[in-house]
Amino acid sequence: MRATMELHDDRPLVEECLAVRRELVLPFPRDEAWPLLGEPEELETWYAEEVDLEIREGARGTVRLAEGERDALVEEVVPGRRLALHLTDPDDPAAGTLVELTLDDVAEGTRLVVVELPLHALPPAPAAPPATPQLSAALR
Amino acid sequence: MSTPQDAVAGVVFAALADPTRRAVVRRLSQGGTATASSLAAEMPVTRQAIAKHLGALRAAGLVVAEPAGREVRYRLTPAPFAEAMLWMASTGARWDERLARLEQRLAQRTGGA
C-alpha cells in the first residue's frame, strides 16, 4: 500500500474516500510480469483496446478503453515496478483520473495492484506546466 | 463521453479533496445534524474555517443548512454521494473485467506452455 502513496502527500485520506483499488496475483516473478505493464502491445491484451503511447515518463498519447478514448500522459515509470498514467477525457478535460499499476514480490509470484482515482480528488500540483510556445501562439 | 453523473461526481470529488471537509462529512454521517460551533469544538480548526468549509459543501450540494431557533444546523444530503459511488462502482466493475481478461490470458499462456 505504501508504494502507491508516493505521488501525493494527501493520498491516504483520498484513497480511503474515493480510490478504486484491485489486486491480482500473477504466478511468475516480477521481471516476467513487467512487460504486461511496460509494453503497449501487452497492455492491449488486457487493459485497453488500443494503446498509442510510448511507456516513457512524460510521453503523451492516447489510450482507447471500452468506455471511450482518453488522452494519456505517462506520469511515472519505474521499470519492473510501477506505471502511473494520467488519463483525461478529450470531451471533458476536467474529468481526469490517475491510474497506477504497481508490482510487488509475493511468495506466490507477483502481486499486481491497480489504483484509479479521480484527479479532482488530488491536491493541486505544485506548478502547472507552461503552455507550449505553439499553443500560446495559437491562443493569441 | 462524459455524462451528467461525471460532472456531479467531479463537484463532489472537488469538495471532498480537502481533509477538513472530509472530516466534517464523516462527522455528519455519524451524528445527524451539527452547528458550525459544535463542529469547531470537535476539530482543531476555528469556527470561521468550519463555516467556510460548510459553505463549500453546501455549494457542492453535499449538506443543507436548516435554521433551528437562533442556530443553523447542517445535515448531509445523500444524493451527490450516490453519484460518486456510481463512479466508483462503474470504475471498479471495469477493473474487474480487465483483471478477469488478464487472468484468462495468463491461463491460456500457462495452458499452452
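**Entry 1. Ground rules and chain B overall**

Residues are numbered from 1 along each chain as its sequence is written, and chains are lettered from A and ligands numbered from 1 in the order in which they are written.

I then listed the secondary structure of chain B, which comes to five helices and two strands. Helices (H or I, at least four residues) and strands (E, at least two) are DSSP runs, numbered from the N terminus.

I checked contacts next, two residues being in contact if their C-beta atoms, placed from the backbone, lie within 7 Å. Of the contacts in chain B between residues at least 6 apart in sequence, 52% join residues at least 24 apart.

**Entry 2. The nonpolar core**

I looked for nonpolar cores, each a set of buried Ala, Val, Leu, Ile, Met, Phe, Trp, Tyr and Cys residues joined through C-beta atoms within 7 Å. The largest has 43 residues, and Leu16(B), Leu54(B) and Leu57(B) have the most contacts inside it. Which residues does Leu54(B) touch, not counting residues up to four places away in sequence? I found Val24(B), Ala36(B), Val63(B) and Tyr74(B).

I compared helix lengths with the expected span, which is 1.5 Å times one less than the number of residues. Helix α2 of chain B (residues 19–31) has 13 residues and should span 18 Å; its end C-alpha atoms are 19 Å apart, which agrees. Its buried residues are Arg21(B), Arg22(B), Val24(B), Val25(B) and Leu28(B). Seen down the axis, the buried residues of α2(B) fall within an arc of 160°, so they line one face of the helix. The arc is that of the directions from the helix axis to the C-beta atoms. On the other side of α2(B), I noted Gln30(B) and Gly31(B) as exposed. Gly32(B) follows α2(B) and has a positive phi, near 70°.

Helix α4 of chain B (residues 47–59) also went into the notebook: its 13 residues reach 18 Å from first C-alpha to last, close to the 18 Å expected at 1.5 Å a residue. Where do the buried residues of α4(B) lie around the axis? The residues concerned are Ile50(B), His53(B), Leu54(B) and Leu57(B). They cover an arc of only 105° around the axis, which puts them on the same side of α4(B). Gln48(B) and Ala59(B), on the other side of α4(B), are exposed. After α4(B) comes Gly61(B), with a positive phi near 75°.

**Entry 3. Hairpins in both chains**

I took two strands as paired if DSSP finds at least two bridges between them. In chain B, strands β1 (residues 63–68) and β2 (residues 71–76) run antiparallel and are joined by six bridges. Glu66(B) stands opposite Arg73(B) in β2(B). The two strands form a hairpin with two residues between them, and Gly69(B) in the turn has a positive phi of about 65°.

In chain A, strands β4 (residues 68–78) and β5 (residues 82–89) pair in the antiparallel sense over seven bridges. Val78(A) stands opposite Arg82(A) in β5(A). This hairpin has three residues between the strands, and Gly80(A) takes a positive phi near 85°.

**Entry 4. Chain A and its confidence**

I counted five helices and seven strands in chain A. Buried residues make up 29% of its 140 residues.

I then examined pLDDT, the predictor's confidence in each residue, from 0 to 100. Chain A averages 80, and 72% of the residues score at least 70. Over residues 1–10 of chain A the pLDDT is below 50, and this stretch has 14 contacts in the model beyond near neighbours in sequence. Residues 123–140 of chain A also have pLDDT below 50, with four such contacts. Where pLDDT is low, the predicted coordinates should not be read in detail.

Methods: This is a predicted model: local features need pLDDT of at least 70, side-chain atom pairs count only at pLDDT 80 or more; totals for chains, interfaces and linings use all residues. A residue is buried if 20 or more other C-beta atoms lie within 10 Å of its own, exposed if 12 or fewer, and partly exposed in between; C-beta atoms are placed from the backbone.
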